[in-house]
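Open the model in your viewer and keep the selection panel at hand. This tour goes stop by stop.

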Amino acid sequence: MTPWINRQRSLADYTLAALGRRKGKTFALVAVYALVVFVVASAMLFATALTREADLVLAEAPELTVQHVKMGRHEMIDGAEITKIAGLRGVSSVEGRLWGYFYDATSGANYTFQVPSDPALVPGPGEAIVGEGVQRARRATWEGAPLFLSRFTGDMVKFEVARTLGAESALVSSDLVLLNEADFRAFFDLPDGVWTDLAVSIRNPREIDTVIDKASRLMPDARFVTRDEIRRTYQKLFSWREGLMIALASAAVLAFAIFAADKASGLSADEAREIGILKAIGWDTRDVISMKLWEGALVSLGAFLIGTLGAYVHVFGFGAGLIAPVLKGWSVIYPDFRLAPLVDGMQIATLFLLTVLPYTAATLVPIWRAASADPDQVMR
Amino acid sequence: MIELQEVTKLYNEGRPNEVAALGGVSLTIARDAVTVLTGPSGSGKTTLLSLVGLMARPTTGRVFLDGEMISGLPERFLTAERRTRFGFVFQRFNLIRGLTVMENVMLPAAPLGEAYGAVRARAQARLASLGLADKAEIPVEYLSGGETQRVAIARALINDAAVLIADEPTANLDSALADRFLEIVAGLRGEGRTIIMTSHDPRIWGAEVVDRVVEMRDGRVVR
Amino acid sequence: MIFQAPILALLLVAGLASGVALWSAGFGWVVLRRWDIASGTGRQLGLERTTELVSTLFGLVMLAELAALLLFVYNADRMASLFVGAMCAVGTLNVNGWGFPALYLKIAVFFAAALWLMLDRADRLGRDYPLARVKYAGLVLIAPLVVADFGVELTYFLGLETDVITSCCSKLFTPVNDGLAAEMTGLAPGAALWLLAGGGAFVAVTGGLTLGTGRGHGWLALAGAAMFAVSLAAIVSVISLYVYDHPNHHCPFCLLQREHGYYGYALYLPLFAGTAFALGAGLTSAFHRVPSLAGALPAMTRRLVALALWGFALFGLATIWAIWSSQLILFG
């Protein structure tokens, strides 16, 4: 075993010295390589973090949402339905929810209006709690600047901003405006006793299907959406966008692989001469290949570390400013928040296979070609 | 110890620029002696040297090393034999620029997997015996011609080769340095090493230390 | 198809591997027809040098394939939340008919490649490329397997539809069904443990005999293969129960999840490695009488036997630890 280690050490030593002698070339290669890793890693880390954010949000969502559908469109649901569903076995509670969208012409943004179910979040009369995206969209200069909303020309409703929801409270709260029930009904001119939809809690997840089955017989014109379906939709959306990003980035990977192969095959006269000398003084083809693989490994490791760390800082430190517009955004208002750092082995393995493997594959044949130089070449 | 039987060597085989560098050479090289291959340029002496030194395989014919036929061995076994038994000093020395004297000398030992310290100590001793002890950490491009050659000799002997092979060793040296080289050769012969070189320099094949001169012409041995 | 980074990585590996395999097989074909070690011509020298490239490329690609095998299972596990009814890798693999074939092919490629690399190593010991023809005939045989792996994997991923309702481990690994999985599940825990102990003893005895006498590698290979099958059955039938602390959860994939401390890796990695080495020892021992290998090859085979025994020993330890540290009491 020891000779093996000594041999590897000597080869690595030689490689390090060789890289040091070609500083400019090495830096250029590592820089381009790291950039490619950075792009792919950013997309992956960001999409995974978004998926997890959505999971966190959904953790508080009800197991089942019931909507009234008329002519295939979403309608307000009658409060009388609440008692029907609450009577089903397995349902632990049913709650009517009020939420809707509002286009604010002055800031040009869509807000989500909602009556919170958590009593601690219900604002007083004439007050509103807003997401931080709302504050940004209307360029609120100070924390308590009142919210003026105009529903039609000449109309103006004022809400005092009781609180701004913190940036940590995730993706979907960014464009929220929370009102109490009376204010909400007044603002949208809704009659009493109707709700946007119903939130149904079911204690045992195995019973969700049974509950839906029974409820759909009671309410043939209702639509039932489970939390798992929403989660799947989010996850699909994000993975799809991530995949799309990476497919686009793969063009970069491909270009880089070609660049690397070209560099590796177009060895400079100096490098070719060096390999010739090594073969002449007793290095075997395999020794030269091992040495060159060390070179590839060191370059890859450096670029991989730089690129991945860069992406980590980019995504979790700066909210992925460079790629966020592509990957997220179902609303006009992009949330401004820090994602919780999350990296796992599978991401690293995937990233490694997507970047280092193409590089290695692209350089291997040129390396072998250089390494199979005739040993007596330097004598001719 | 090294025996060639009816050896031929073609370069660029099967292509329009095919060259027959050797046409049927048989030669036996004695142990513990100094042999010089001589002849005009293009006579095939460097090709013969590369076959003797296991650098290349003959196109036809056989090569025996200590009685074992090695001309059919895979390249990596030839290399394995070559690097532990033969040391090479090339005409243009072929040191690697940018590396220090010590690093250059240690290079042939790198694939063998010996402990770094042991190799380094051996290199240090060899450099000292060649009068280069104080140059060990200098990059090789700052050396004079004679020093460069001695570094090349030190490198050739780092794996304790029994056979030293030198291609036109004095072609780039003035006569004082050529004499110094012959002294080194005499010393190595005294250590019990076999030395084989090519040269068309009369100072070499006329020298006292040389045991045998092989003369070549047009890819054949004439004397 | 689901467009996801790990899937793209897996397809990249499989595509690259089949490219390399096809090219190597083409080269292998040339070797089978043109190889002439006695010749000193440029063409023979070129062939010999290309063997270095083939060995390096193949070694590298197979390393990637090994990583891909792990990633494939891990990713299937991760994607389970995308499919209705899927709780772990089983559900994901069941989404269409190509999932399990893809997994089996990947495992087959792993073993084939491992054997080939051991053969390559043996060949390098001899001074006259003693196994060149065997090796390259092997490559010609392995290539279709690698390409099939790529094809099936691609079909599987292209056919992944998230609205399919799939069935998961609780449905597949249950004794009331038909099929191999159900047979394995239906195996009584006590019988499974006895079988496992028997397999272990078979391996230990044949391994010990081989090390002692330098003969009987074929028996060890047979014992290794039997042990592999018995172990998989035992994992499904009884070991998983101990890891999950649950008398009815038989899934061999949930073992790999974080909730269970990634315990599956401690079981599968040594088991696969041990089996591969045992088969490899059986393979290389067939060439002990080749003149140029008679000196060095038996020592290498011996190391393979030792590695195989280590692998199975670690697997055994992992099994005993799972039983010993479990809250579950099956035999009372």
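Start with the sheet in chain B. It is open, has four strands in the order β2-β1-β4-β5 (chain B), and pairs antiparallel. Strands are DSSP runs of E, at least two residues long, numbered from the N terminus; two of them pair if DSSP finds at least two bridges between them. Select 19–29 and 68–69 of chain B: these are the edge strands β2 and β5, and each pairs on one side only.

A note before moving on. This is a predicted model, where local features need pLDDT of at least 70 and side-chain atom pairs count only at pLDDT 80 or more, while totals for chains, interfaces and linings use all residues. Residues are numbered from 1 along each chain as its sequence is written, with chains lettered from A and ligands numbered from 1 in the order in which they are written.

Now select residues 2–11 of chain B. This is β1, joined to β2(B) by eight bridges, and the two run antiparallel. Pick B:L10; opposite stands B:A20 in β2(B).

Next, show chains B and C together. How many residues of chain B are in contact with chain C? There are 11, and they touch nine residues of chain C; contact means C-beta atoms, placed from the backbone, within 7 Å.

Select 189–213 (α8) and 297–324 (α11) of chain C. Their axes, lines fitted to C-alpha atoms over the stretch in contact, lie 10 Å apart at an angle of about 155 degrees. Therefore α8(C) is roughly antiparallel to α11(C), a label for angles over 145 degrees on a scale from 0 to 180 between N-to-C directions. Zoom in on the contact: C:G200 and C:V203 are among the α8(C) residues there, and C:R302 and C:F312 are among those of α11(C).

Terms used: Two residues are in contact if their C-beta atoms, placed from the backbone, lie within 7 Å. Angles under 35 degrees count as roughly parallel, over 145 as roughly antiparallel, 65 to 115 as roughly perpendicular and the rest as oblique.
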